[in-house]
Amino acid sequence: MTFTVTLAPSMDLASSTGTVSTITISGLTGTETSDSSTLPITLKSGAHMSSTGMFSQTVSSTSNVANTAEWKQTLGTLILTVASGRQMAAFTPVTFSFALKLPNAAAAAPTTISASASFGTSVLVDKAVMDRGSDSSAPMLVVAAVFTTAHIGHKVTGPGQQNTITATIVSNTLHQTTSSSTSSITIAGLVGSTTSDSSTQNPIAVTQLAGPSTLSGLFTEGGVADRAKWTKETGKLVLTVTSGRSMVAGEEYVFSFNLINSGTPAASPSVSIQSTACPVAAMRSAPGDAAPLLVKTASFTVKKVGQSSPYISASNQLRVTLMTNVGIQAVGSDLTAGVTLTGLSGFTNADGDLTIDNRGYNSVGDIFSKATWNKAEARLVLSIAAGKQLQGSTLFVF
């Protein structure tokens, strides 16, 4: 973590041969940064900036290391020595930064961080409490790693249908795979799907839909990009961040994957998420029919019929709008699959096949092999051609 400090002393601070001016910042306890006699310091702004450095540390009788300070872990103090021949002018703000490793557990920010200045053994500026950043910028504040956003939903409620599951996540910590550690995210509880376990040779495909980086290759499974590991029994999807890639804290990532719905109606399960950095937490399911793996009885979700003319003996054209929550498909040479419209009494057409016209929406094209009219029964049967499908959750107008 980078800490940024701005100081303006009330008097000049300078160093000379034999006697040096030092600034001590104290109260930074709890870090995991070990003691160092040459902790790097970066001067951001202030008078007399130059490559030689405002601060330096003496490491031998003949050697100084510019742009460094002394760090004492247990005491939580940083001691900056003004370089020989340099000066911090009175009332002139100087801004510098340094990096310390925060603890790996949640911790409150110290209540008091102070600064003082000395010249040799004489105190020049008494210890004073420093103004701190507020909220998340408060120095040494460590919040628990969590998913701040974890939403999940789906597209299709039809039994036995291929379903696209979409997840949206944001965490407050970095997820990154390196040569020494692997970062992964696990979504669990998607039980009820009939999708078989994935294998190393056949991992489940994942599509990244949104994020701050390149939208492909974020996850890898079995050496294959844009893949994840799926376990049917526990409904678990494990997404491993690709080596060299990362998921940035505070950024939104949206991705999807396909599962097969249960063959029978089922309630949406409770879904959880966790990662190598974040503890397990419940995911928020989309409302209504968009709840993940909610399976309903096969039905027409849209079913409308109208006509072009109300006049006696006029030529009339029926307009039909349909959507189902399942796909309707003829298998092999079976031409009996289809859609039947009944109750169309009053039409004078003789029995036989009628012409189907598309109406600019998703084309039925050659999905229907024929439309057979039965006058006596006031029935129109739309037969689906072998190998064709009326796709679920797709609006058709003809």
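This is a predicted model: local features need pLDDT of at least 70, side-chain atom pairs count only at pLDDT 80 or more; totals for chains, interfaces and linings use all residues.
Phe-347 is partly exposed, with a relative accessible area of 25%. Buried would need a value under 20%, so Phe-347 does not count as buried.

The whole structure holds four aromatic pairs. One of them joins Phe-55 and Phe-96. Their ring centres are 5.5 Å apart and their planes meet at 70°, so this pair is edge-to-face. Phe-55 sits in the loop between strand 5 (42–45) and strand 6 (56–60). Phe-96 belongs to strand 11 (residues 94–99).

Phe-347 lies in the loop between strand 32 (338–342) and strand 33 (352–354). Trp-373 lies in strand 34 (residues 368–374), 26 residues apart from Phe-347. Trp-373 has 5% relative accessibility, so it counts as buried.

In what order do the six strands of the open sheet lie? The order is 18-22-23-17-26-27, and the pairing is antiparallel. Strand 18 (204–205) and strand 27 (281–282) stand at the edges. Each has a single partner strand, so one side of each is left without a neighbour in the sheet.

Look inside this sheet at strand 17 (residues 184–188). Four bridges join strand 17 to strand 23 (residues 236–240). Ile-185 stands opposite Leu-239 of strand 23. Ser-184 is also in strand 17. Is Ser-184 buried or exposed? Ser-184 is buried, with a relative accessible area of 15%. Beyond residues up to four places away in sequence, Ser-184 touches Val-238, Leu-239, Thr-240, Gln-274, Ser-275 and Thr-276.

Leu-239 also leads us to the core. In soluble globular proteins, nonpolar side chains tend to be buried together. The largest nonpolar core here has 29 residues. Ile-169, Ile-187, Leu-190, Leu-239, Phe-255 and Met-283 touch the most other members. Strands 17 and 23 are among the elements that give two or more residues to this core. Strand 25 (253–260) gives the most, with four residues.

Take Leu-190 as an example. Leaving aside neighbours within four places in sequence, its contacts include Ile-152, Trp-230, Phe-257, Leu-259 and Pro-292.

Definitions and conventions: Residues are numbered from 1 along each chain as its sequence is written. Side-chain values use heavy atoms; hydrogens and water are left out. Buried means under 20% relative accessible area, exposed over 50%, partly exposed in between (1.4 Å probe, protein chains only). Contact means heavy atoms within 4.5 Å. Two strands pair if DSSP finds at least two bridges between them. Rings of Phe, Tyr and Trp (its six-membered ring) pair if their centres lie within 6.5 Å; planes under 30 degrees apart count as stacked, over 60 as edge-to-face and the rest as tilted. A nonpolar core is a set of buried Ala, Val, Leu, Ile, Met, Phe, Trp, Tyr and Cys residues joined through side-chain atoms within 4.5 Å.
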